[in-house]
Amino acid sequence: MSCCGFSCVVYTLGVILGLVLLKKVVGFIYAHFIYKNSTNYRGKNVLITGATSGIGEGFAHEFSRRGANVIVVARNEEKGQNLKNTLETKYKNQVSIAIVDFEKASREEIKQALLNVVGNNKVDVLVNNVGINNTNNSPFPFTEQPESDFDKLIKVNLHSVLSVTRAIMPIMNERGTILNLSSYTAQYPTPLMTVYAATKSFINAFSLALKYEAPKMEVYGLSPMWVKSDMTMVRRATLMKPEATVYARSCVDIIGCPFGVSYGLTSAYWPHDLVVSLLALVPESFLMKQMKGFLSGLMKKMQKKAEEKKQ
Ligand SMILES: NC(=O)c1ccc[n+]([C@@H]2O[C@H](COP(=O)([O-])OP(=O)(O)OC[C@H]3O[C@@H](n4cnc5c(N)ncnc54)[C@H](OP(=O)(O)O)[C@@H]3O)[C@@H](O)[C@H]2O)c1
């Protein structure tokens with residue numbers, strides 16, 4: 001190849017790389033700072049699993065604020081009733097409750113519990129939010145993790161999503177929206193959170209495939225980093241660890257965004273998406289080593305606390 005030929009190739013590759021980067025940057029700015037979902041949710045029906053705390057409760061407030069009728073799926077009747085009272089008093093919307101314990105219920109029991117409450121109505125938005133972490137929310141080496149965790153994680157994080165979606169999708173508005181709560185651990189599988197991360201990868205694969213099966217619908221696999229909740233044990237919200245209501249608002253705002261949300265997989269909260277994009281530049285082995293070190297430290301701290309509590 002002549003010298004000119006070589007520099008032409010380098011130049012062309014540079015231009016292509018530049019255009020790819022530009023598309024990413026423009027997409028990021030558009031999705032997070034320019035686009036705002038302007039759907040009128042007044043009178044629409046939104047079904048949310050795990051709605052009694054954390055991110056699910058954040059979604060319940062956000063959709064109620066936008067005028068939607070909310071179907072709260074809860075395992076604890078009293079918590080569900082308290083949330084219903086709070087939402088109806090604050091937003092004057094209609095709230096119903098379906099009681100389901102996803103760890104125990106069969107697919108048929110889940111279906112019956114939901115359909116009894118939804119009745120003949122169409123569902124416009126389904127939020128598959130329910131999810132749990134390891135026992136005590138603690139990291140574990142895979143071989144030391146209580147084996148009972150495997151069944152619980154599969155039942156609550158996977159079986160719930162399949163059963164609820166199968167029961168509700170046929171009675172959804174054909175232009176409805178499905179939001180599936182995944183996690184950044186799906187993109188960067190975290191050592192010592194191996195099983196949890198694997199359940200979240202399942203959610204992303206499921207969301208992605210479903211999106212193209214039902215092209216008129218909006219299907220998202222939402223992958224937050226940290227959000228203040230019981231699961232993360234974050235006590236004080238910061239920019240990187242927002243309040244659940246702030247996080248839920250970002251998610252609802254991004255629904256329908258035509259550009260900048262690749263395959264519907266996003267945190268939807270800009271600081272998280274920015275960090276995840278930058279992490280893609282870090283060598284994988286270095287990143288995983290840091291992640292393992294951090295989670296290993298957290299695990300030791302939690303074990304020490306548990307020991308002190310026992311004494
Ligand atoms: N928070 C984060 O930083 C973060 C990060 C990545 C992904 N996520 C994902 O986001 C989702 C919500 O997480 P979160 O942090 O908001 O969790 P959370 O605060 O612990 O809330 C979990 C919700 O699920 C309900 N729930 C738990 N087990 C249940 C069961 N067996 N049957 C029925 N309901 C059950 C809880 O009910 P009770 O109120 O009765 O306990 C609660 O309403 C999860 O899928 C999680 O994996 C969260």
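Q: What gives the most to the shell around the ligand?
A: That's α2, with three residues. Names like this come from DSSP runs, numbered from the N terminus (helices are H or I with at least four residues, strands are E with at least two). You're looking at a predicted model, where local features need pLDDT of at least 70 and side-chain atom pairs count only at pLDDT 80 or more, while totals for chains, interfaces and linings use all residues. Residue numbers start from 1 along each chain, as its sequence is written.

Q: How many residues surround the ligand, and which are the closest?
A: To be near it, a residue needs its C-beta atom, placed from the backbone, within 6 Å. Here 28 residues surround the ligand, and G50, G54, G131, S229 and M231 are the closest. Sorted by class, the shell holds twelve nonpolar, eleven polar and five charged residues (Ala, Val, Leu, Ile, Met, Phe, Trp, Tyr, Cys and Pro are nonpolar, Asp, Glu, Lys and Arg charged, the others, Gly among them, polar).

Q: At what angle do α2 and α7 pack?
A: Picture a line fitted to the C-alpha atoms of each helix over the stretch in contact; the angle between N-to-C directions runs from 0 to 180 degrees. For α2 (residues 54-65) and α7 (residues 244-254), the angle is about 60°, and the axes are 8 Å apart. That makes α2 oblique to α7 (under 35 degrees is roughly parallel, over 145 roughly antiparallel, 65 to 115 roughly perpendicular, the rest oblique). The touching residues are G54, I55, E57, G58, F59, H61, E62 and F63 on the α2 side, with A244, T245, Y247, A248, R249 and V252 on the α7 side (contact puts C-beta atoms, placed from the backbone, within 7 Å). In the contact of α2 with α7, seven residues are nonpolar, four polar and three charged.

Q: In what order do the strands of the open sheet come?
A: Strands of a sheet pair through backbone hydrogen bonds, either parallel or antiparallel. In this open sheet, seven strands run β3-β2-β1-β4-β5-β6-β7, and the pairing is parallel (a pair needs at least two DSSP bridges). At the edges sit β3 (95-99) and β7 (265-266), each pairing on one side only.

Q: How many bridges join β4 to β5?
A: Five bridges link β4 (residues 123-128) with the parallel strand β5 (residues 172-181). Find V125 and you'll see T177 of β5 opposite. Helix α5 (residues 148-168) packs on this sheet, where it touches β1 (45-49), β4 and β5, and its direction makes about 175° with that of β4.

Q: How far apart are the axes of α5 and α6?
A: They're 10 Å apart, and α5 packs with α6 (residues 194-213) at about 15°. The two helices are therefore roughly parallel to each other. D149, F150, L153, I154, N157, L158 and V161 of α5 make the contact with V195, Y196, T199, F202, I203 and F206 of α6. That contact of α5 with α6 has ten nonpolar residues, two polar and one charged.

Q: At what angle do α4 and α5 pack?
A: About 45°, with 9 Å between the axes of α4 (residues 107-118) and α5. That makes α4 oblique to α5. Look for R107, I110, K111, L114 and L115 in α4 meeting S163, V164, A167 and I168 in α5. The contact of α4 with α5 counts six nonpolar, one polar and two charged residues.

Key
Two residues are in contact if their C-beta atoms, placed from the backbone, lie within 7 Å.
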